[in-house]
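Please look over the model below before reading on. My notes follow as numbered points, on salt bridges and then on the ligand.

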Amino acid sequence: MLTHESLIEQDNAYLLHPLHHPSAHENALIFESGRGVWMRTVDGKEVIDGLAGLWNVLIGHGRAELADAAREQMATLAYCSSYVGSSNIPAIRLAERLAGFAYPDLNTTFFTSGGAESNESAFKTVRHYWKRKGKPDKIKVIGRSNGYHGITLAAMSATGLSAYWPMFEPRVPNFLHIPAPYPYRFAGEVKAGETIGLAAARLLEEAIQREGPDTVGAFIAEPVQGAGGVIVPPDDYFPRIREICDAYDVLLIADEVITGFGRTGEWFALNRWGVQPDIMSFAKGVTSGYLPLGGIQISDEIREVIVNAPANERWMHAYTYSGHPTCCAVALANIDILANEGMVGNAGAMGKRLLDGLHALAEEFECIGNVRGLGLMCAVEFVADRATKAPANLGEKVRKACIERGLFTRAIGDTLAFAPPLMISTDEIDQVLQILGESIAAVSA
Ligand SMILES: Cc1ncc(COP(=O)(O)O)c(C=O)c1O
């Protein structure tokens with residue numbers, strides 16, 4: 001019989017996990033099944049999936065429609081190459097569905113298998129675009145501290161979380177970082193009369209000027225930073241960023257790998273601020289994680305540059321699994337569910353309920369220094385002292401206490417992130433809040 005103990009023994013013997021270290025795997029849970037926001041472990045424990053897998057299981061666990069879509073497509077044509085000269089029906093239908101869906105000017109899609117591959121595709125497309133435009137030196141990509149863009153070598157180099165770097169350096173050259181628009185701990189200077197949002201955007205302009213506009217190809221940003229601590233930018237940040245990118249001929253890459261497909265209460269997050277990117281990376285939520293799929297969408301102008309290139313300057317970029325028929329069929333079924341069941345609106349409403357509840361907990365517990373969120377992407381940040389904002393080292397302890405009480409989520413240092421499936425109910429939001437309150441009380445007692 002498969003027991004938790006026997007599985008853990010085999011896991012320890014044979015598996016290397018993402019971010020592997022044995023100390024972080026000591027009390028690993030082994031999940032066996034899921035339904036809605038709930039997941040069940042092999043030893044029968046029911047927990048709320050407070051991070052929707054890794055921010056991606058938007059429609060919740062256990063939707064048979066996606067299994068049906070996969071089974072049907074696998075039985076018909078599971079795989080075929082999408083290399084130029086060959087195509088398939090689900091990839092064509094999904095690309096058509098996505099045309100203009102996120103932003104009016106993004107009508108062309110290249111499919112990948114995940115977020116890092118999407119960002120690699122974005123960086124290479126930026127290089128191709130500027131070479132074709134006669135500006136081959138525009139190769140630098142500016143990212144931000146706390147930014148997470150995946151951990152293949154170039155994506156890791158764009159990622160602004162230094163913990164990911166040291167054992168894999170040297171990083172790919174020509175990736176640099178500016179401070180994040182992190183209102184609670186903004187690392188830049190705010191000048192008289194300036195808001196934090198405008199100050200954070202000014203740092204982009206200064207970086208472009210310092211590096212030389214002829215050397216900077218793109219700026220990459222998550223609309224709301226996820227893995228770096230759920231950092232919601234001030235409302236004036238992205239409109240100013242767009243102006244700066246336009247002024248210096250710098251392409252804006254929106255990394256919507258987490259925020260895409262409804263997580264923030266908008267289908268795509270930059271719409272909240274009336275901003276359009278030139279390239280958008282997506283992954284995760286496009287299939288709710290049921291199968292691996294990602295991609296980039298490019299502006300009509302970038303598309304023109306690619307399709308009008310002579311054969312010897314072609315966009316020589318490819319993945320075996322680009323336009324995977326089964327993954328695309330599952331994505332179509334997933335987007336239907338998100339749309340037909342009003343899940344994006346629910347993310348907005350439930351996100352507000354969650355955020356209000358977190359604010360109420362902050363009234364009760366002095367150790368909560370900051371509460372933030374947008375839609376169903378929320379966080380609390382613990383501090384030892386509200387005045388000094390000194391670290392409390394509570395994130396991991398509260399996370400463990402939450403797991404004991406039936407809530408699974410992720411700690412990022414002192415920040416505890418909450419991003420459940422978008423179909424979560426009011427009762428389930430209240431359970432999340434109750435478990436969190438009890439866990440903080442238990443840890444601080
Ligand atoms: C914003 C963002 N970009 C990129 C990635 C990388 O995606 P993947 O792990 O599918 O390569 C992630 C993963 O969490 C992400 O959150």
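1. Start in helix α11, which spans residues 343–364. D356 and K352 both sit in this helix, four residues apart. That spacing is about one turn of the helix. Keep in mind that this is a predicted model.

2. Now look at the side chains of those two residues. D356 and K352 form a salt bridge, with N and O 2.8 Å apart. K352 has a relative accessibility of 53%, so it counts as exposed, the cut-off being over 50%.

3. Move on to helix α12, residues 395–404. E396 and R399 are three residues apart there, so about one helical turn separates them. Their side chains meet in a salt bridge, at 3.2 Å from N to O.

4. E396 is partly exposed, with 35% relative accessible area. R399 is at 17%, and it counts as buried because the limit is under 20%.

5. Next, find E381 and R372. They form a salt bridge too, and their closest N and O atoms are 2.8 Å apart. Are these two residues buried or exposed? Both E381 and R372 are buried.

6. Salt bridges can also link up. R63, E65 and E341 are joined in a network of them. Across the structure, the count of salt bridges is 22.

7. At G115, a polar backbone atom lies 2.8 Å from an oxygen atom of the ligand. At D255, an N or O atom of the side chain is 2.7 Å from a ligand nitrogen. At K284, an N or O atom of the side chain is 2.9 Å from a ligand oxygen. How much of the ligand does the protein bury? On its own, the ligand exposes 390 Å², and the protein buries 79% of that area.

Note on methods
Residues are numbered from 1 along each chain as its sequence is written. This is a predicted model: local features need pLDDT of at least 70, side-chain atom pairs count only at pLDDT 80 or more; totals for chains, interfaces and linings use all residues. Side-chain values use heavy atoms; hydrogens and water are left out. A salt bridge is a side-chain nitrogen of Lys or Arg within 4 Å of a carboxyl oxygen of Asp or Glu. Helices (H or I, at least four residues) and strands (E, at least two) are DSSP runs, numbered from the N terminus. Buried means under 20% relative accessible area, exposed over 50%, partly exposed in between (1.4 Å probe, protein chains only). A polar contact is a pair of N or O atoms within 3.5 Å; within protein, one must be able to donate a hydrogen and the other to accept it, and residues adjacent in sequence count only if both atoms are side-chain atoms. Accessible areas come from the Shrake-Rupley method with a 1.4 Å probe; for residues, only the protein chains shown count as cover.
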